[in-house]
Amino acid sequence: MSNSYDRYLGMHREITRRDFMNGAALAIGTSWLPRLPTWDSLEVQEPQNETGYYPPTRIGLRGSHPGSFEVAHSLRDGTFWDSAGEPVDTGESYDLVIVGAGISGLSAAYFFREQAGKSARVLILENHDDFGGHAKRNEFHLGGRLHLLNGGTLSIDSPTPYSTVADGLLKKLGVDPPQFEKKDVKVYRSLGLRSAVFFDKETFDEDRLVTAPGRGWRGEFDHPSEAQNAWKEFLAKTPLSPQVQRDISRIETGKIDFMPGLPSAEKKARLSKMSYRDFLINVVKADPGVIPFYQRQTEGEWGVGIDAEPALDCWGIGLPGFDGMGLDPGAAPHMSYSAAGYANGGFYDFHFPDGNASIARLLVRELILDAVDGHTAEDIVTAQVDYNRLDRQAASVRLRLNSTVVRVQNIGPPSSAKEVQVLYASARKVFRVRAKGCVLACWNMVIPYLCPDLPDAQKEALHYLVKVPLVYTSVGIKKWTSFQKLGIRHVSAPGSYWADVSLNWSMHMGAYRTPTNPDDPILIHLSRTPCKPGLPPREQQKIGRYELLTTPFEVFERNIRDQLARILKDGGFDPARDIEAITVNRWPHGYGYEYNPLFDPDWPEDQRPNVIGRKRFGRITIANTDSAATAYTDTAIDQAYRAVNELKES
Ligand SMILES: Cc1cc2nc3c(=O)[nH]c(=O)nc-3n(C[C@H](O)[C@H](O)[C@H](O)COP(=O)(O)OP(=O)(O)OC[C@H]3O[C@@H](n4cnc5c(N)ncnc54)[C@H](O)[C@@H]3O)c2cc1C
């Protein structure tokens, strides 16, 4: 990239790059494991009790930020104990220690206190500098106003109805998704802004931005003929060849039975055994030129493209091509959890301005007196959180950040143990606490390193689930007149580095007000799912994780600037002038792995790796979405409830 292009992009502009060195210094080795800073080379982390400690406003490389994962990686590599000193005994003793302050860990604390009483002493240990896990809040102050976005977990949505437990918890927190859905004030619709597709020259031979056929990205038409005309009009403006245009039109608006003469159940069975890519090429007989247009349309759901997702699952989540096939509504055997749920109708779809970080804040408000102000599920959005109050000696619940748990052991044989010992590393020291029980609300893959005494079969099962890597980026811009001029609010970019670019969700909630004037600053959300088409999903995810951990901030930044400049150029966007701030939330360990009917065996329920992996081990139980082999907030809550109850029963 030339220096003058970098100047045009604004790579020289003063925005925070304090985490840049972490990425830039990395050498990409041939080994599978990224060579990252070792834990003993880390700067001593800022204590959470320091005045002004407020991680939601931190910018640069966030999500799994530098300083959060080095200890765990060193534990995995077998080097941690070489440089760890003798553990310092804190003398602290709790009724329960929880590992992980995501929705699952915080819910576990809530349920435990419901059962054991409010005076029960609970310690929550979290390796990141903020609580919430994936439910992370990105907070900006631009133009004298608060702007919020989700750094990870966005919605209270689920393919299946929330259980009584999960729904009950939301109700106790005052969250009423059907009522809250009305908070979306539909600013963009009132301004006539629509979705668009950006065709990039590297994939489609020229850069072109084309407004999408319908109101939403794929449609919302009152009549089929409307859809046909809209799609034809849209396709004619794209750089796609006439044959590819005809085939996309057939897929999107045709009513063709591609498996004539077969009953619905047989069609579904066949569709469950081929990828959506194979369906398009071999069954629909589409030109291979359609693939770049569709390849990434499953990434947001499962973290891999259509090469690795069954056609039946793609029908389940609403991808096109099946309208004339006479498939009976509803789930069928051999569908993934999400696809089966959505085929049956799905459930809630609501989110707070900062996503489910608001749920995490509501939970902390319940758990720790005076740490979070306000009283309602609406005022949580602008509530102040006093991080200095999260870990106070006198409090019954303590939440300790920047603390990576490195060992959890039953004291005595698991069958008769009455207590556990928990060791955690913080500020380059190892500390010891004791408790009557421990809930591991952390990720499955780390558990075998924390509990090396677990049975081998359980450790193997815990390792099976490879989490899905993702990046959600929040970019603050000075004004959004370029979007208004182009008439767009969301851009799908099938060939670009960032697959989706959209203006912030438009909602008013409590005292929070979404920007309504395009001359005012706004946040943009961009997402990327690093994967390697052609390989089995778990392999794709390992390669994606490697990519994320070894990508310097500068690369993310240049791609943000370049892509926004190219998409918005006819709207007058100037990347050097208009970009104010960037937060890259990288999640090398993102969504919990969901079984994929094309690649995973169809185990009986009790032999599924998540079921074997989550077995109680003495006074240690296991929560987190991995335990349900899905990636939804309701399951994070349900698994917490189960893990807390298993402790009670033991
Ligand atoms: C980008 C993204 C978007 C998502 N969007 C949605 C959505 O819209 N809707 C939805 O329902 N779900 C979504 N999810 C899924 C999300 O994972 C769950 O909804 C939920 O937030 C998971 O909560 P959890 O507590 O189970 O796990 P996590 O949020 O992952 O929390 C576990 C915590 O344990 C910590 N931990 C791990 N090891 C240790 C250790 N050794 N010591 C201390 N702490 C440790 C981790 O760092 C983490 O903070 C999304 C996930 C991602 C990554």
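**Notes on the predicted model: rings, charges and one cysteine**

1. Arg 538 does the like with Tyr 464, at 3.8 Å from the ring centre. The criterion is NZ of Lys or CZ of Arg within 6 Å of the ring centre and within 35 degrees of the ring normal.

2. Some housekeeping before going on. This is a predicted model, where local features need pLDDT of at least 70 and side-chain atom pairs count only at pLDDT 80 or more, while totals for chains, interfaces and linings use all residues. Residues are numbered from 1 along each chain as its sequence is written, and side-chain values use heavy atoms, with hydrogens and water left out.

3. Now the overall picture. The protein chain has 26 helices and 21 strands; these are DSSP runs numbered from the N terminus, with helices being H or I of at least four residues and strands E of at least two. A compact globule of 650 residues would have a radius of gyration near 26 Å, and the chain's 25 Å agrees with that. The radius is taken over C-alpha atoms, and the globule rule is 2.2 Å times the number of residues to the power 0.38. Along its principal axes, the C-alpha trace spans about 75 × 60 × 50 Å.

4. Take contacts between residues at least 6 apart in sequence: 74% of them join residues at least 24 apart. Contact here means heavy atoms within 4.5 Å. The accessible surface comes to about 24900 Å², and 50% of that belongs to carbon and sulfur atoms. Those areas come from the Shrake-Rupley method with a 1.4 Å probe, and for residues only the protein chains shown count as cover.

5. Aromatics next. The structure holds 31 aromatic pairs. One of them is Phe 234 with Phe 293: the ring centres are 6.4 Å apart and the planes sit at 45°, so the pair is tilted. For the cut-offs, rings of Phe, Tyr and Trp (its six-membered ring) pair if their centres lie within 6.5 Å, with planes under 30 degrees apart counted as stacked, over 60 as edge-to-face and the rest as tilted. Phe 234 belongs to helix H10 (residues 224-236) and Phe 293 to helix H14 (residues 291-294), so this pair ties together parts 59 residues apart in sequence. Phe 234 counts as buried at 1% relative accessibility, and Phe 293 counts as buried at 2%.

6. Tyr 276 and Phe 279 make a stacked pair, 6.0 Å centre to centre with 20° between the planes. Both lie in helix H13 (residues 276-283), three residues apart, about one turn of the helix. Tyr 276 and Phe 279 are both buried. One aromatic cluster takes in both of these pairs: its members include Phe 234, Phe 293, Tyr 276 and Phe 279, along with Trp 231 and Tyr 294.

7. Which residues touch Cys 531, leaving aside neighbours within four places in sequence? They are Glu 299, Gly 303, Val 304, Gly 305 and Gln 540. Cys 531 lies in the loop between strand E19 (522-528) and helix H22 (537-550), and at 18% relative accessibility it counts as buried. Its C-alpha atom is separated by 9.9 Å from that of Tyr 546, 15 residues apart along the chain.

8. Finally, salt bridges: the structure holds 38, each being a side-chain nitrogen of Lys or Arg within 4 Å of a carboxyl oxygen of Asp or Glu. Arg 137 and Glu 139 meet at 3.0 Å, N to O; Arg 137 counts as buried at 5% relative accessibility and Glu 139 at 8%. Asp 520 and Arg 145 meet at 3.9 Å, N to O. Asp 520 is in the loop between strand E18 (500-503) and E19, and Arg 145 is in strand E6 (residues 145-150), so that bridge ties together parts 375 residues apart in sequence. Asp 520 is partly exposed, with a relative accessible area of 27%, and Arg 145 counts as partly exposed at 27%.

9. Within helix H23 (residues 553-568), Asp 562 and Arg 566 are four residues apart, about one helical turn. Their salt bridge has its closest N and O atoms 3.1 Å apart, and both residues are buried. Elsewhere, salt bridges that share partners join Glu 92, Asp 391, Arg 398 and Arg 400 into one network.

Terms used. Buried < 20%, exposed > 50% of the residue type's maximum accessible area, 1.4 Å probe, protein only.
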